[in-house]
Amino acid sequence: MTTTLPAIIDTTPVIDPANIGPTLEELHERAKETRRHSRSAGTLRTYASAVRSFQTWCHGHGLSPLPAEPETVVLFIEAEKQAGQKASTIGTKVAAIRFLHQKASLASPTDHPMVTEHLAGIRREIGTAPTKKRAATADLIARMVEAIPANTVKGKRDRALLLLGFACAMRRSELVALNAGDIEHVDQGVRVIVRRSKTDQTGEGREIAVPAGGRLGVLEALEAWIAAAAIETGALFRPIIRGGEIRETRLTDRSVANLVKDYAEKAGLDPDVFGGHSLRAGFITSAAEAGAELSRIMEVSRHVEPKTVQGYIRRANLFKNHAGSGFL
């Protein structure tokens, strides 16, 4: 049966070079750039490091990393286990090997039963419990901030960074991604816009409220930094070189972790148990200890699932109304 198109539809191609748009080569390059955004920059950096590790190991043993045989992957992840790597780290490296083969349009050896069974065995053998950084609760944050000089440009930046990161329960990547335009002053305090996050890869954005007042002085520290740095546009938190010169680039997320560790040590705390995640964990723990409702905590933390937040609440309330408090 032949389908007859309405007369109004003219199927004769009309080519106007002026309106043809980008060339196929340009579209190809733009398509590659678009595909790069399918994963976050942090994930791609992690995969790149994992792939380098796998390639180095393979070359050292005379094996092919691409395409790799399933047995090669099994031997690699066994070597990683023997080297003391955590199950989560090994899992990430396996994901990177899969990504490497997908990008090369090759079947991934990581899907082979030999690999999946070995990975399952590793998880059962060494466990999958993550090593958690200590929560920098409100009292600990106050101690850290006291150790930061308030009369230097760097001190003003670091006070604002720690306090805002804590008050907004931010991941370190979210904190360094903030721009000056993401801070909106209102009568009740400030609204902070987080434009993209781990649970918001498409960039819908979320607003976080930081109320005015309070004993930590979050807004005062933020205003002192913005005024001292004369920041009107661009990155909110920037590197400062010797002599107090403020660069126009962003701080790295690694810098946040280093600053938390540095001021934890200056406050007389063990720096090894603190990291960038301590700010986020500290807010959630402090909110749970203060009796805040789960839904209100999640408004700030922006968790999609309540399970993670409930874990913080359980730990915070572990000794409250303990079942054995009347007889132990």
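Q: How many helices and strands are there in the protein chain?
A: Helices (H or I, at least four residues) and strands (E, at least two) are DSSP runs, numbered from the N terminus. The protein chain has 13 helices and three strands. This is a predicted model, in which local features need pLDDT of at least 70, side-chain atom pairs count only at pLDDT 80 or more, and totals for chains, interfaces and linings use all residues. Residues are numbered from 1 along each chain as its sequence is written, and side-chain values use heavy atoms, with hydrogens and water left out.

Q: What percentage of the 328 residues in the protein chain do buried residues make up?
A: Buried means under 20% relative accessible area, exposed over 50%, and partly exposed in between (1.4 Å probe, protein chains only). Buried residues account for 38% of the 328 residues.

Q: Which residues have the most contacts inside the largest nonpolar core?
A: In soluble globular proteins, nonpolar side chains tend to be buried together. A nonpolar core is a set of buried Ala, Val, Leu, Ile, Met, Phe, Trp, Tyr and Cys residues joined through side-chain atoms within 4.5 Å. The largest one here has 60 residues, and Met144, Leu164, Val192, Val210 and Phe237 have the most contacts inside it. Helix H7 gives the most to this core, with seven residues. A second, separate core of 14 residues includes Trp57, Val74, Ile77 and Ile97.

Q: Which elements do the buried residues of H6 pack against?
A: Contact means heavy atoms within 4.5 Å. In helix H6 (residues 138-146), the buried residues include Leu140, Ile141 and Met144. The buried residues of H6 pack against H7, helix H10 (253-266) and helix H11 (277-289). Leaving aside neighbours within four places in sequence, Met144 is in contact with Ala136, Leu162, Val260, Tyr263, Ala264, Ala267, Leu269 and Phe274.

Q: What is the volume of the second largest pocket?
A: On a 1 Å grid over the protein atoms alone, a cavity is a set of points where a 1.4 Å probe fits but cannot get out, and a pocket is an open set with protein on both sides within 12 Å along at least five of seven lines; lining residues have an atom within 4 Å of a point. Grid points are joined across faces, edges and corners, and a volume is the space filled by probe spheres set on the points. The second largest pocket has a volume of about 430 Å³. Of the 19 residues that line this pocket, Ala167, Ala209, Val210, Pro211 and Phe283 are the closest to its centre. Strand S3 gives the most to the lining, with five residues.

Q: Where is the cis peptide bond that ends at Pro67, and which residues have a positive phi although they are not glycine?
A: Most residues other than glycine have a negative phi, and most peptide bonds are trans. The bond from Leu66 to Pro67 is cis, with omega near -5°, and Pro67 is in the loop between helix H2 (41-60) and helix H3 (70-82). Ala169 has a positive phi of about 50°; Ala169 is in the loop between H7 and helix H8 (172-176). Arg302 has a positive phi of about 65° and belongs to the loop between H12 and helix H13 (306-316).

Q: Why does Ser301 count as buried?
A: Ser301 is buried because its relative accessible area is 0%. Ser301 lies in helix H12 and touches Ala169, Arg280, Ile284 and Val309, not counting residues up to four places away in sequence.
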